[in-house]
Amino acid sequence: MMLGMTSQIDLAAAALEHLPADVADTWLSLLRPGIRLVPADDGDGPPVGYLGGEPELPGDLAWPAWEGHGPLSFIASVDCAALPGVATELGLPVDGRLLFFYFDGLDIRRRDPLDGVLNEYKHAA
């Protein structure tokens, strides 16, 4: 994964050009820093994460499950140390990995492990 970022200046210019002044002011007051991940092929810099595949779970962490429903499916992993400084403004940790899972109703233990998809993403300026 890569990170794509649009500057506040670019967003302000677009809002002032395309929105009535009062709407643009309100909209701009609601803006907060954000991070957009893009495919690694679309940007420069080191990978910051990936979609699919096998997650790098800490050795002492059991595979996550939704109590009463079953195991969760892995979605993505993001390396917090590879994110830019704006990540701290979002309340993200400065190091470690964020692992994203969801419940899709399927028992992951019955899946063919070769069905996993691994798409790498990078930080894009």
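1. First, a term: helices (H or I, at least four residues) and strands (E, at least two) are DSSP runs, numbered from the N terminus. On that basis the protein chain has 3 helices and 8 strands, and their order along the sequence is β-α-α-β-β-β-β-β-α-β-β.

2. Some ground rules. This is a predicted model, where local features need pLDDT of at least 70 and side-chain atom pairs count only at pLDDT 80 or more, while totals for chains, interfaces and linings use all residues. Residues are numbered from 1 along each chain as its sequence is written, and side-chain values use heavy atoms, with hydrogens and water left out.

3. Now the chain as a whole. Of its 125 residues, 26% are buried (under 20% relative accessible area; exposed is over 50%, partly exposed in between, with a 1.4 Å probe and protein chains only). The chain exposes about 8300 Å², and carbon and sulfur atoms supply 56% of that (Shrake-Rupley method, 1.4 Å probe; for residues, only the protein chains shown count as cover). Take the contacts (heavy atoms within 4.5 Å) between residues at least 6 apart in sequence: 75% of them join residues at least 24 apart.

4. On to the helix pair. Helix H1 (residues 8-18) packs with helix H2 (residues 21-29) at an angle of about 155°, and their axes are 8 Å apart. Axes here are lines fitted to C-alpha atoms, for helices over the stretch in contact, and angles run from 0 to 180 degrees between N-to-C directions. H1 and H2 are therefore roughly antiparallel to each other (over 145 degrees; under 35 is roughly parallel, 65 to 115 roughly perpendicular, the rest oblique).

5. What meets what between these helices? From H1 come Leu 11, Ala 12, Ala 15 and Leu 16, and from H2 come Ala 24, Trp 27 and Leu 28. By class, that contact has 7 nonpolar, no polar and no charged residues (Ala, Val, Leu, Ile, Met, Phe, Trp, Tyr, Cys and Pro count as nonpolar, Asp, Glu, Lys and Arg as charged, and the others, Gly among them, as polar).

6. Gln 8 sits in H1 and is partly exposed, at 43% relative accessible area. Leaving out residues up to four places away in sequence, Gln 8 touches Leu 31, Arg 32 and Pro 33. Gln 8 and Arg 32 are 24 residues apart in sequence and 8.9 Å apart in space, C-alpha to C-alpha.

7. Last, Trp 66, which belongs to strand S4 (residues 65-66). Trp 66 is partly exposed at 45%, and touches Leu 72 and Phe 103, again not counting residues up to four places away in sequence.
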